[in-house]
Amino acid sequence: MIPDSQKENHPLLFEQGAPGMCAVTLPMLDVPTTDKKTALPAEMLRSTPPALPEIGELDIVRHYKRLSHRCFSVDENFYPLGSCTMKYNPRINERVAAMPGFAHVHPYQLESDVQGILELLYRLRCDLAEIAGLAEVTLQPAAGAHGEMTGLMIIEAYHASRGERRSKVLAPDSAHGTNPASCACCGMSSVSVASMPDGRVDLDDLRRKVDEHTAAMMITNPNTVGVFDDQIVEIAEIVHAHGALLYLDGANMDAILGIARPGDFGVDVMHYNTHKTFSTPHGGGGPGAGPVAVAEHLVNFLPKPQVIQHEDGSFGWDYHRHDSIGIVRSFYGQIGVLVRAYAYIRSIGRDGLRDVAEKAVLNANYLASRLKHRFKIPFPPPFAHEFILVPEFESAGITEHDIAKRLIDYGIHPPTMSWPIHHCLMIEPTETESLATLDRFVEAMLDIADEIENDPSLVKTAPHTMPIKRLDEVAANRNLQVRWQQSS
Amino acid sequence: MKYTQLTESQVEKMLTTIGASSVESLFRSVPEAIRCNGNLGVPRGVSELELLRDVNALAGNNKHCEALLCFLGGGAYDHFIPTVVDAMAGQSELLTAYTPYQAEASQGILQLFYEFQTMVCQLTGMDVANASLYEGATAAAEAVTMAANIKKRNRMVVAASIHPDTMAVINSYAQERELDIVILPTPNGTVSACDLASMMDDETAGVVVQSPNFFGCVERLDRIIPRVHEHGALAIVSVDPIGCGMLKSPGEFDADIVVGEGQPLGIPLQYGGPYLGLMACRKELLRKMPGRVVGMTHDADGRRGYCLTLQTREQHIKRERATSNICTNQGLLAIRASIYMSAMGKQGLEEVASQCFHKAHYAAEKIAALDGYSLRYDKTFFKEFVIQTTRDVAKIIASCRERGILAGVALSRFDEDWADCFLVAVTEKRTKQEIDLLVDALGAV
C-alpha cells in the first residue's frame, strides 16, 4: 500500500532530473568514426537529440518503485475481475522465461541452434490441441482478440475453399466486445442472438438468424454471465446444419479444463488467452498470447510457419502450407509468454488442470452462496468460474460503480462492472485464492452493504485510501491531455 | 505442482455452505456426453525441481546471443539492456496488475503509460501516441486500416523496402478489409520520389514507408512525404526507435502516422516476441487511432491524476464500430521501453544511435573491402546493411557460425532473387575486435 507520505502528486519523469544528466554510460567508441554528413543526407540528421528525460539511476529507481506502489496487483490484492481470470502468476514461470536460452535468442538464428525452443513450442502446440480436443494449434496470435481475427480468417478461407463467401457471424448478446470488433476487422457483419432470462442462448432466435450466409457462430461457454450453456451440442448442430462453423471464445476455459473439451462439444475453432487460463502475467494490460486451435477440416488454413517435428525427430518451421491464410504478425509469436504457459501446463499437468477448473468453480459458487442473502444474483446456480451480482441500492443512490470503488478501500480490486448486463458486478475469484481470502471478500461486501444503509455517502465518495479520489473522466475526454509538454 | 490452496476439509465446508453434495455436482450443467472426465493426453504434473530439469534441458538446447556474436537484425536487434530495466520492470506490482480500467487503483501504471506516450512522441516528433500495439508489423497494418478509415479511400501504396513480414501482415489485414495494396518497387534499395509520384492518385488513402528500411537504408522522407500529401493521402512511416536518436524524426517531415517495432528499446530478443508495437500520429487523427490512450485529468480535490481516455474508440464500448479489435496490448513491454528510454535519456539514446552508426559503417567498409563481398546498396544506411557476395551465402553463415559468429540474415528466406545477399546489423554492443572477427571469418570462407 501507499504510505501517507507519498500521497502527494508524484512528479512525472519530465519534471525530474537536470539537463546533462544521464544514467547510462556506454563504453568509449572503439572504431574509426564515419562522417555522418557524408554518409547520410544532411537533411535527414537531427540537429538536437530527442527531448528524453535526463535523470540519474537512483532517481529512476525511486520513480518506478513509487509508481509500482500505486497499483493494485494480484501479488498484493484479491482481484476478482470477472472474465479476466486474475489468477496467481507462478514465480517459477518468470525464472524460466528469463533463462538466456529462451530470453536471448534471435528469431533468425538457424533452426539447428534453437531446437530447445522449437521442441517446447511443439509440445505446447500438442498440449493445447489436446486440452481443446481439436486437431492442431497455431501459436502465432499475439492476444485473444488477435486470435479471434485469425480464427475468423481461417473460417473465411474454409468457406472460400468450398466456393462460398459467407460474411455473417452470429454471437450472443452477452459476447465480449472483441467478438463483433474482430468480425468488423475481417469485413464480416456480426448479428446478435438473444439470450434467455436464464443466460442461455435462445435457440429459437438462433434458428431464425442462422442461414446459408452465416459463416460462423461465436460463443463463449461457460458464457459471460457465468453459466455453462447445456444446449451447446444442439447449438453446434443447428450451426453446422447450415454449413456454418462454431467458434469458441476461450476466455472462460478456466472453468472446463479437464472437464470438457471444446472439440468434443462441436467447436471447430477456438482461441485461448494464455494470460487468463495459463497463468501468464497480465503486465498492466499485456503481453498476452492467443493460440488458436482448429478441427481437422481447418488445419490446412492455419497461419504459417507451423512448428513441426521432422521424421528424424528434430524440430523446425514448416512454411510449405499452400492453403494457409499467411502470417498475422512478424516472426513466430509471443514466445516469452508461451514459454511461461508451457511451464505452467507442465508443472500442474493433467490432474492439476482439472483441479484448476474444480477449484475455480467451487470458489465462485461459494462466494455466490454467501452473498446471495444480501445481493441479488439474477442467474440460477450452479455457476461456472464466475457469477453476476446485481446490487440493488438505488433508493440509497448507490450504484455498482460506488461499491466497486469502495472495495478499493478494503484492498480488493473491483470486479468487472456494468457488463454484460446493466448495473451488475461480475465476480471471478479464480482457483488460486484461499478460503480466508474468499471470506474476507464476503465480509467486505457485507460491510459495504451495511455502510450503504448507515452512511451511504461514505460509499458514494469512495475510494478514500488511494493517492487520489475519483477522477473526472469526462474532463479527460473533453480536454485531452495525452502527453506531457514543456509548457503544460 | 498445484497453485490452488484449499484443503479437503475446507472443500467440504464450502460444499456445505453451497448446499452441494460434491464438487462434481457443480458441473451438472455440463452434459455427461461431452465430459472428458480428466482424461487428457497431457503429462502428469511435476515438482518445481523436475520442471527446472525439463526447462533447463530445453533452454540448454538453444544457442543464445550471450554466448554467440550476434550480427543478426532484420527487425530484432541485440542492443544493450541496462540492468535497471530488468530490475524495475520485474517488480511484481507491475507484472501482475491488470489493464488500468480502475483508475484510482492504477495510478502508477497509468502514469507510466502517460510517460511512455510522451516519450514515443518525443522520439517520433508526433503530437500523440497510444499505449502500445502488439508489435511492429501489426502496428503498420493497423495504421493502414486507420488511414483507409480516415480518408474513406481503399487504395494504399506500400514501399517494397519495408520488412517482408510487415508487408505480409499488411496484406493479410488489407485483404480482410478489401483494401487495394499497391507495391512500390524499390530496385535501388530505397523509394524513389519520382516513382512514388507516378503511382499516386486521388483514390490513394496512404503510403507506407519504413526508414531505416528493411535493407538498413535511410529513406528520403523530405522528398517522399510531400508527394504523398499532394494527393491528400496520409504518410505512414515505420521507424527504428534507436534511429530516432540520430535521424530527424518523421514528425519534422510532416508524417501523419508513425509506427515502429519497439523491441530495440530494452526488450530481450526472446526468439521474436513479445515485442512492442509503437504508434503515434498527428493530434487531429487521435480519435481514429486504435489502442488504449491514457489522459491526464484531475480528481474531486483537484489533484492531478490519470485515466484511460477516448474509450469510445475501443471494442469494449463501441463493439463492431471500434477503431480496432485490440484489447490486450503490450503494457509491460511499454513499461520496459519507458524505463529504457529514461535510463538512456536524451544523451544516451543519441550515443547508442551514434555508436551503432559508426560501428555499422566500420564493419561495412571492412567487409566490402574483402574479395567477393560488396555493399548491395549505397552507403546511406544506419545500423544495418546488405552484403552481396559471389560466394555461397549458406556456406558463409555456416562457416561463421562454427566460429561462434551469427554473421547475418540470409535474404533468400524472404525472396529467392536475393539468394546472393545477407543482411548484417551492428549494434553498440559489438566491439571493434568482434567486428574484426566477423571480417576475418567472412574472409576465410
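**Strand pairing and helix packing**

Modeller: In this predicted model, β11(A) pairs with strand β12 (residues 425-427) of chain A through two bridges, in the antiparallel sense. A:Met417 stands opposite A:Leu425 in β12(A).

Colleague: What makes β11(A) and β12(A) count as a pair?

Modeller: Pairing requires at least two bridges between the strands. β11(A) and β12(A) have two bridges, and therefore they count as paired.

Colleague: Which strands are at the edges of that sheet in chain A?

Modeller: The sheet is open and has three strands in the order β10-β12-β11 (chain A), with antiparallel pairing. β10 (387-389) and β11 (416-417) of chain A are its edge strands, since each pairs on one side only.

Colleague: Turning to chain B, why are β11 and β14 called edge strands?

Modeller: Four antiparallel strands form an open sheet in the order β11-β12-β15-β14 (chain B). Both β11 (373-375) and β14 (409-410) of chain B pair on one side only, and they are the edge strands.

Colleague: How do you know that β14(B) is paired with β15(B)?

Modeller: The two strands run antiparallel, and two bridges join β14(B) to β15 (residues 421-425) of chain B. The criterion is at least two bridges, so the pairing holds. B:Val409 stands opposite B:Leu423 in β15(B).

Colleague: Which strands of this sheet does α11(B) touch?

Modeller: Helix α11(B) packs on the sheet and touches β11, β12 (384-389) and β15 of chain B. The direction of α11(B) makes about 135° with that of β11(B).

Colleague: What makes α11(B) roughly parallel to α13(B)?

Modeller: Helix α11 (residues 331-368) and helix α13 (residues 432-444), both of chain B, pack at an angle of about 20°, and their axes are 10 Å apart. Angles under 35 degrees count as roughly parallel, so α11(B) is placed in that class relative to α13(B). Their crossing is right-handed.

Colleague: Which residues make the contact between these two helices?

Modeller: From α11(B), the contact is made by B:Lys359, B:Tyr362, B:Ala363, B:Lys366 and B:Ile367. From α13(B), the residues are B:Ile435, B:Leu438, B:Val439 and B:Leu442.

Colleague: How many residues of each class does the contact of α11(B) with α13(B) have?

Modeller: There are seven nonpolar, no polar and two charged residues. Lys counts as charged, and B:Lys359 and B:Lys366 are among the contact residues of α11(B).

Notes:
Residues numbered from 1 in each chain as written. Chains lettered and ligands numbered in written order. Predicted model: local features only at pLDDT ≥ 70, side-chain atom pairs only at ≥ 80, totals over all residues. Axes fitted to C-alpha atoms, helices over the stretch in contact; angles between N-to-C directions. Parallel < 35°, antiparallel > 145°, perpendicular 65-115°, else oblique. Left-handed = near helix turned anticlockwise from the far one by under 90°. Contact = placed C-beta atoms within 7 Å.
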